[in-house]
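The following exercises are to be worked with the sequence and the coordinates at hand.

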Amino acid sequence: MTSIILLSIFGIINLFVGFMKSKRILLPLSLLFLAVVFGANLFSWNEAQSYFNHMLTIDNYAVAFTGIMVLATLLLLPFSQHYIEEANENLAEFYSLLLFSLVGAIMMVSYENMLMLFIGIEILSIAMYVLAGSDKRRLRSNEAALKYFLMGAFFTGVLLFGIVLIYGATGSFYLTDIAATAAVNDGTVNAMFTLGLLLLVIGISFKISAAPFHFWAPDVYEGTPTLFTSYMSTVVKIAGVAAFYKLMAAAFAASYAAWFPTLIAITVLTLVVGNIGAVVQTNFKRMLAYSSVSHAGYLLMALVAFNERSDASILFYSLSYALATIVAFAVLQYVSEQRNGDETYAAFNGLGKTNPLLAFAMTVAMCSLSGIPLTAGFFGKLFVFTAVVQDARLMWLVVVAVLMAAVGIYYYFKVVIAMYMQPAADAAKIRIGSFASFMLIFITVFTILLGIAPALVSDLL
Amino acid sequence: MEPAVNQQYVPSDYLPILIQFLAALGFVVTTLIVTHLIGPKRKSAVKDAPWESGIESVGDARTPISYKYFMTAILFVLFDVEVIFMYPWAVNFRSFGLDGFLQMVLFMGLLLAGFFYVLKKGILKWD
Amino acid sequence: MQEIVMPRMNQDMALLCLLIPLLPFIGFLLNGLGNRKFSKGLVGFIGCSTVLVSFLISIYLFLDFKANGSQAYTVDYYNWISAGSLRIGFSFLIDQLTLLMLLMVTGIGFLIHLYSAGYMSHDEGIGKFFSFLNLFMFSMLLLVMGSNYVMMFVGWEGVGLCSYLLIGFWNKNTNYNNAAKKAFIMNRIGDLGFLLGIFLIFITFGSVSYPQVFAEASKLTGLDTPVMIGITMFLFIGAMGKSAQIPLFTWLPDAMAGPTPVSALIHAATMVTAGIYMVIRSNVLFILAPTTLEVIAIIGAATALLAATIGLVQNDIKKVLAYSTVSQLGYMFLALGVMAFSSSMFHVLMHAFFKALLFLGAGSVIHAMSNEQDMRRMGGLRKALPVTFITFLIGTLAISGIPPFAGFFSKDELLAHVFEHNKILWGVGVLASFMTAFYMFRALFLTFFGKFRGPEEQKHHLHESPAVMTVPLIVLAILSTIGGFLGIPEVFGAEHVLGDYLAPLYTYARSINPAAFETGAVSHELEFILMAVSVGVAVLAIIIAYFMYIKKEEVPAEENARLAPVHNLLYQKYYIDELYNSLIVRPVMWLSNAVHRLVDVIVVDGIVNGVGRMVILSGRTLRYAQSGAIGFYLLVMVCSIALILFLNFFIG
C-alpha cells in the first residue's frame, strides 16, 4: 500500500518539477523515487495486510511482483536520456505517467476484488494509450496510440462484461466469495458464470497480447516510442500475467475444467503464432513484438500447469524476460537513433566492432530470450517446463514449446550474426552515457548471475 | 446479500426479453421501410444541395477546429464530474466527522493541484 | 540385489575440481574482453596455459583418485536450482568415467590449443578464436564433470553454441554461416529429445542427479517398460544430434567450414563423443531398455556403413575425415548397442588420438597449400612435409586397424563384442572397416604420393609447418601408436587395463542384467579368426587403393564430369541434404512465409492500400488509423471470441 501512495505522490511531484527550467533533475529524481518505492515495498514482505474492506491485499505475491515491476521501470528509465538531450517539453509528463501506470500495475497484482482489477487495468492502460502516442510528430506513433486505444477499449468492454456476468451469477465482486460460490456448485454455477469466465479469460488474454488477440501488438509496438514499447512489453505484460494467475488461482480454481481447454488452446496458438510470426520479420522491433507474443505463451504455460510451482515460475520467467527485453529495446534505441531511425536487422551490422559493450549486452539478452544456458532465460524456461510436466499428460505441450523455442533461436541469433559477422555500414561509434553503460553492464551481469544461481529468486514464493 | 444462484432458469423465461427486443427492432425497421416506400421522391440539383438555413454553402465541411477547444471542453467535464462527489459528501457531512472532512480536503487538494498544473501548463490560455 | 552405495562427499577437492573448468573460463574472459589489446603471443599463451593447468590438475586428480582406493565422490558447491521439489546442487561427480573424459578433453584440448597458436597466427581474429575455444573447453568440462543431467544439459548447450560460433568463425562466407546454422538447428532437434528425456527422468525418478537416479533405477523390475524405453529413446535422440547419427548426421560434414583445429577438437575428438559419454553415463537406464539398445546398434551400424560409402568418393580432404568421423561414431554406437560400454569408451579414446592427429595433419597440409582443401590439387607432398606425412601415415594406419596401432585394438575388441551379439551387424561393421581402410589410404595416396597437381607457383611455397604445429602432431602420433596397449585383448595374456578400470561404473547395471556383462563367450580361436579377418580386409583395401591411386595414378574426376550413377549418388551424399531440404526446410519456410503474407502483406498492405485508397478520398490524415486493418483485426478477434464461446458451449 505504501508503494501505491508513494508512487501517486511522486507522480504529482514530478509533474510540478517539470515546470523548472532545467529538465536534467527529472531523471535522477524519478530514479530516486523508484528506488524509494522499491525499498518501501520490501517492508511488506511477510507482513500481509488488507486494505479498503479487503479490496486490496498486499501479500508476498503482490510484493514480489511489485518489486519486479518497479525494478524493471527503474532499469529502463536510464535509457530515456535522449529525451533529456532533445529537451522534450513533455518529459515530466512521461515520467509521471509511468509512475501512475505503475500504480495500476500494483493494483493488478494485489486486488482481491474484481473492481480493483478493472480499475488497475484501466489506470495502466490509459497511461499507456497516451505514452504510445507520445511522439506527437510521428504518424506511426499516432497510429499506434489510436489503434491501441480503439482495440483496448473494445476488450475493456469484453472484460467488463465478463466481470458483470460473474457478478450476476455469484452476487459478488470478491474473489473469495466467487470461489466459495463456485466451490459449492462444482465449479460451474450456470451458463452465465461460464460465459463470464470465458470473457474474462479473453479480456485478459488481449491485455497480455496472447493469440488470437495479439493483432494489435506488432503495429502498436512498432509505432510506440521505443522506451515505452520496452515498458509495455515488460511491466504491462508481467502485471497482466500476474493478475491472470491470481484471478484463476483465487477465484476460479474450482472451475478449472471450464477454462482449461480454452486457455490451453490460446497458449498453443500464442506460442506458434508468436514464434512463426517472428521468423520472417526484417524489422527488429516488429520481431521483438512477435517475440513478446511468444513469451506471453511461455508465461501462459505456467498458468496452464496450474500447480504449486506456477507462481514461482511466472515470477522467475517475468524477471528474466524483463531483464533481457529491456536490454534489447535499449540497444535498439541507441542503434536506430544512430542510423536515422533504421530499425531493421541491417542497422545492427558490425555493431560488435564499433560498440563491443552494446553488442555484448545484446548477445547476452538474445541468449537469455532464446533460453541458452547460463543465462536467466534458460532457467525461466526450465522452471516453466518443469511446472508443466508435473502433469505427464501435458508432455506434448512441452514438446511444442521446446520446438518453438528452437525456432526462437533462429530469429534471435539473426541479430547476433548481424552484429558480429556483417561488416559495419556506418563505422561511427555510438555514444552512450556512462550511467546508461553502467546500467547495461548491471543488467547483463544480473542476467548471467541468475543463470548461474537462479535459487536467488526461484524460491521466493 | 445472499447470491441468488440456486434459482434455475429455463430458456422460456427469457421469452419476454426476446419479444421486447424483436418489437423494438421491428418498430425501427418497419418505420424506416414504410417512410421510404410511401414518401414522395423528387430529385433536382436544388433538392440535392445541402441546406444551410438558406445560406449558400462554401468550402469543406471538415474544417479543423483548434485543439484548445477540446482541451477546455475536456477539462470542464473533468472538474464538473469531480464536483458530483461533493453532493453525497455534503449530505452526510455530519456523520463522517473529522475523518470525512480530512479525506475531502485531501481530495480537493489533489484536485487543486491538478487545476494549478493546468494553469501553469497554459492550457487555458486562448491564443 | 546390489547394495546401493551413494558416492561420498569430498569437499577437500572442491577448489581443485572447480579450477578445472574455471581456468578455461578465465581464459575466455581475458581473451574475450582484451582481444584487441593483447598481442597475438599473449592471446595464445593465455589460451594454452589455462588448458595446460587444467590438464595438470586432471592428472593430479586421476592419481589421487587411484591412491585413495578408486572410490567415486561428489563435490558440492551450492544449491544451484531450488524450485519446489526440484533441488539441484551445483556439484561435480568424480569417478572413473569423468576422469578419463577429463584427461582426454584437457589433454587433447591442450595439444590442439598449442597447434592453433601456430595455425591461426596469421588470422586477425585470433583473440576471438581463442576465447571461443576456451569457452568450449569450459562447457565441455562442465558437461563431463556435472553430477546431474541438468548440468550435463547446460554443458551440452554450451558446446553446441561454441561449435556454432566456431563453424561460422570465418563469417565473411555465407556458406559457412549456413553450415553453422544447420549444425545449430540439427543439434537443437537432438537437444529437444535430451530435454524431454530429462523431464521424463525427473517425473519418473523424482530427481535428476546421477547417483539418485541410478539408485532408483536399479530398484526397478522388469525390462523394457514403456517409460524406460521412452527415457532412453529421448536420450538417444539427444545423442544422435550431438554425435551425428542417422538421421541427424548431415551437419557434421558441413561443420568442416570451421578452422581445422576446431574440426579436430570439437568435431572429431571431444564434442561429438558427448553422446557416447551420455549413454555410458546412463548405462543403468539403457540396460533396462533392450529395445532401445537394439535400435542404437542398428542405427550405429547403418551410420557406420552409410558414412563410409560416402567417404569413398569425397575429394575434399576434410570432408573425407568428416565422413570417417561419422562412420567411427557409428561404430561406437554399435558397441553401445551391444552393451560393450567399455569397448565403446576405448574406441572413443583411441579415436580421439588418431582423428585429432589426422585432422591436425590435414590442417598442416592445408596450411602448406594456402587453404586449398581439394585432394585433386595435391599430390607428392611427402617430400615437402615429411613430419606431417609420417604422422598422417601413422594416423591412417591406426584408423584402418593395422596392428599394433591404436585403432586395431579398439576396433577389434568392439567387433568381437558385436560378433557375439549379432553376426549380421558384425558383417556390416567389417564392411565399413574395409571401406574405411580404402578411403583413408586413398586420401593418403592422393595427398602425399604421385606428382604435384596444384598450380605451379604453389609448388614453390610448400613448406613444413612450424614446430608449434608439428609437436602436437608428434605427440598424437605416439599416442596413436601405443595407446592401444591400454586394452590388449585377453588372448594375448595381458590384462585389459581400461576395461578393469571402468568396471565399477556398471555395478548397478550388472545387478539388473548380469547376462549382459558376461565375457568370454567367444573362444580364443574364434577371436584370432575375427582379428585375422578384420586385419585381412584392411590390408586388402590398402592394396586395392595402392593399385588404383599409385600404380594407375588415377585422379578423381573434375567437378562437372559425368559420373557413373552409383558414383554420383555417393558423391552427392545420397541426396540426403536435398531430401531434408524439400521435406522439412521448404515446407517450414513456406509456412512461415504464408503466415507473413496472410498477416502482413495481404492484410496490412492489401487493405491499407486497397481500402486505404477509398479512405484517402475522405481524409488523408486519418488514413493510418482508418486503414481498415484495424477493422480486420477486430473482425478476426471477434470471430475468435465467437469461436471460443461456440466451442465451449456447444461442443465441449
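**Exercise 1.** Determine how many helices and strands chain B has, and judge its overall dimensions against those of a compact globule.

*Solution.* In this predicted model, chain B contains 5 helices and 0 strands, so that its elements, read from the N terminus, follow the order α-α-α-α-α. The next step is the radius of gyration: chain B has 28 Å, whereas a compact globule of 127 residues would have a value near 14 Å. Taken along the principal axes, the box filled by the C-alpha atoms of chain B is roughly 70 × 65 × 20 Å. As a last step, consider burial, for which a residue needs 20 or more other C-beta atoms within 10 Å of its own; buried residues account for 0% of the 127 residues in chain B.

**Exercise 2.** Describe the side of chain C that touches chain A, by element and by residue class.

*Solution.* Begin with the extent of the contact, in which 40 residues of chain C meet 45 residues of chain A. On the chain C side, at least two residues each are supplied by β2 (73-83), α5 (149-167), α6 (174-205), α25 (576-618) and α26 (629-651). The largest share, 10 residues, comes from α26(C). Sorting the residues of this side of chain C by class then gives 25 nonpolar, 13 polar and 2 charged.

**Exercise 3.** Find the relative orientation of helix α16 (residues 356-370) and helix α18 (residues 395-421) of chain A, and characterise their contact.

*Solution.* The two axes come within 9 Å and cross at roughly 175°. Angles over 145 degrees count as roughly antiparallel, and α16(A) and α18(A) are therefore roughly antiparallel to each other. The contact involves, among others, A:M362, A:M366 and A:L369 of α16(A), together with residues of α18(A) including A:I409, A:F413 and A:V416. By class, the residues of this contact between α16(A) and α18(A) comprise 12 nonpolar, 3 polar and no charged.

**Exercise 4.** Carry out the corresponding analysis for helix α16 (residues 386-400) and helix α20 (residues 467-482) of chain C.

*Solution.* Here the axes lie 9 Å apart and the helices pack at an angle of about 30°. With the limit for roughly parallel set at under 35 degrees, this makes α16(C) roughly parallel to α20(C). The crossing in which α16(C) passes α20(C) is left-handed. Among the residues making the contact are C:V387, C:I394 and C:G395 of α16(C), and C:L473, C:A477 and C:T481 of α20(C). Classified by residue type, the contact of α16(C) with α20(C) has 6 nonpolar, 6 polar and no charged residues.

Notes. Residues are numbered from 1 along each chain as its sequence is written. Chains are lettered from A and ligands numbered from 1 in the order in which they are written. This is a predicted model: local features need pLDDT of at least 70, side-chain atom pairs count only at pLDDT 80 or more; totals for chains, interfaces and linings use all residues. Two residues are in contact if their C-beta atoms, placed from the backbone, lie within 7 Å. Helices (H or I, at least four residues) and strands (E, at least two) are DSSP runs, numbered from the N terminus. Ala, Val, Leu, Ile, Met, Phe, Trp, Tyr, Cys and Pro count as nonpolar, Asp, Glu, Lys and Arg as charged, and the others, Gly among them, as polar. Axes are lines fitted to C-alpha atoms, for helices over the stretch in contact, and angles run from 0 to 180 degrees between N-to-C directions. Angles under 35 degrees count as roughly parallel, over 145 as roughly antiparallel, 65 to 115 as roughly perpendicular and the rest as oblique. A crossing is left-handed if the near helix is turned anticlockwise from the far one by less than a right angle, and right-handed if clockwise. The radius of gyration is taken over C-alpha atoms; the globule rule is 2.2 Å times the number of residues to the power 0.38. A residue is buried if 20 or more other C-beta atoms lie within 10 Å of its own, exposed if 12 or fewer, and partly exposed in between; C-beta atoms are placed from the backbone.
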